[in-house]
Amino acid sequence: MYKALESNFFLLVKLDKNKAFNLVFDAYWNALYKQAYKKVHCTDLAQDLVQDVFVSLWDKIELLDAEGSVLAYLFAILRNKILKLYEKDSVRLKYAISVTANVAPSDIHSQNTILEKELKAIIDTEVERMPVRMKEIYLLKREDDLSIKQIAQDLSLSEQTVKNQLQMAYQRLRTRVKDYDSSLALLALFIAKHL
């Protein structure tokens with residue numbers, strides 16, 4: 001079906017733009033969603049990204065190169081949207097750091113508060129992107145302050161599995177702030193474990 005759709009897509013666009021779009025939407029939505037979810041680990045965000053991809057397709061459907069692959073075009077749009085999303089998070093944190101760096105030394109408390117809020121927002125976003133089991137274990141540890149043994153018993157998992165999931169969760173959080181100096185990484189970890 002996909003091969004026939006790819007080869008006849010541009011003919012369909014000329015005959016009936018709506019029908020061509022709907023066929024592509026039905027054929028490729030799942031594949032695009034799976035790819036988006038794999039990158040952002042958040043159902044709503046993945047759905048929004050795929051929706052944006054199809055809006056872009058609709059806007060440019062008549063301008064596409066008839067020799068190209070529709071699926072390759074859709075995946076390229078998705079990749080660019082994901083990269084822009086990551087870039088936006090990065091820019092947001094860099095802005096918070098630059099704003100706090102320019103604050104007068106007498107206002108250190110305000111500086112720390114602003115930085116802490118930005119880091120917490122970025123950590124919360126990363127927690128939302130975590131795989132379901134990792135997120136569940138991380139939140140049980142952080143919010144309910146359960147021990148590894150308690151979490152393992154509650155979820156019927158081995159203690160080693162819980163430790164591994166927590167370690168991977170903390171690694172993800174460290175990676176999120178790795179481009180910044182070590183004091184920020186330590187603050188981020190403190191926030192992740194205690195807020």
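The legends below describe several close-up views of a predicted model. In this predicted model, local features need pLDDT of at least 70 and side-chain atom pairs count only at pLDDT 80 or more, while totals for chains, interfaces and linings use all residues. Residues are numbered from 1 along each chain as its sequence is written, and side-chain values use heavy atoms, with hydrogens and water left out.

**View 1. Helix 2 packs against helix 3.** Two packed helices are described by the angle between their axes and the distance between the axes. Helix 2 (residues 17-40) and helix 3 (residues 43-60) pack at an angle of about 145°, and their axes are 8 Å apart; here the axes are lines fitted to C-alpha atoms, for helices over the stretch in contact, and angles run from 0 to 180 degrees between N-to-C directions. Helices are DSSP runs of H or I with at least four residues, numbered from the N terminus. The crossing of helix 2 and helix 3 is right-handed, a crossing being right-handed if the near helix is turned clockwise from the far one by less than a right angle, and left-handed if anticlockwise.

**View 2. Gln47 is a residue of helix 3.** Gln47 is partly exposed, with a relative accessible area of 34%; buried means under 20% relative accessible area, exposed over 50%, and partly exposed in between (1.4 Å probe, protein chains only). Leaving aside its neighbours within four places in sequence, Gln47 is in contact with Trp29 and Tyr33. The C-alpha atoms of Gln47 and Tyr37 are separated by 8.1 Å, and these two residues lie 10 residues apart along the chain.

**View 3. Helix 7 meets helix 8.** Helix 7 (residues 148-155) and helix 8 (residues 159-176) pack at an angle of about 110°, with their axes 8 Å apart. That angle makes helix 7 roughly perpendicular to helix 8, because angles of 65 to 115 degrees count as roughly perpendicular, those under 35 as roughly parallel, those over 145 as roughly antiparallel, and the rest as oblique. The crossing of helix 7 and helix 8 is right-handed. Ile148, Lys149, Ile151 and Ala152 in helix 7 meet Glu159, Val162, Lys163 and Leu166 in helix 8, and by class this contact has five nonpolar, no polar and three charged residues.

**View 4. Arg129 and Glu126 form a salt bridge.** A salt bridge is a side-chain nitrogen of Lys or Arg within 4 Å of a carboxyl oxygen of Asp or Glu, and by this rule the count comes to six. The side chains of Arg129 and Glu126 meet at 3.9 Å, N to O; the two residues are three apart in helix 5 (residues 108-129) and are therefore separated by about one helical turn. Arg129 is buried, with a relative accessible area of 2%, and Glu126 is buried at 8%.

**View 5. Glu136 forms a salt bridge with Arg133.** The closest N and O atoms of this pair are 3.4 Å apart, and both residues lie in helix 6 (residues 132-142). Glu136 is partly exposed at 34% relative accessibility, as is Arg133 at 36%.

Notes:
Contact means heavy atoms within 4.5 Å. Ala, Val, Leu, Ile, Met, Phe, Trp, Tyr, Cys and Pro count as nonpolar, Asp, Glu, Lys and Arg as charged, and the others, Gly among them, as polar.
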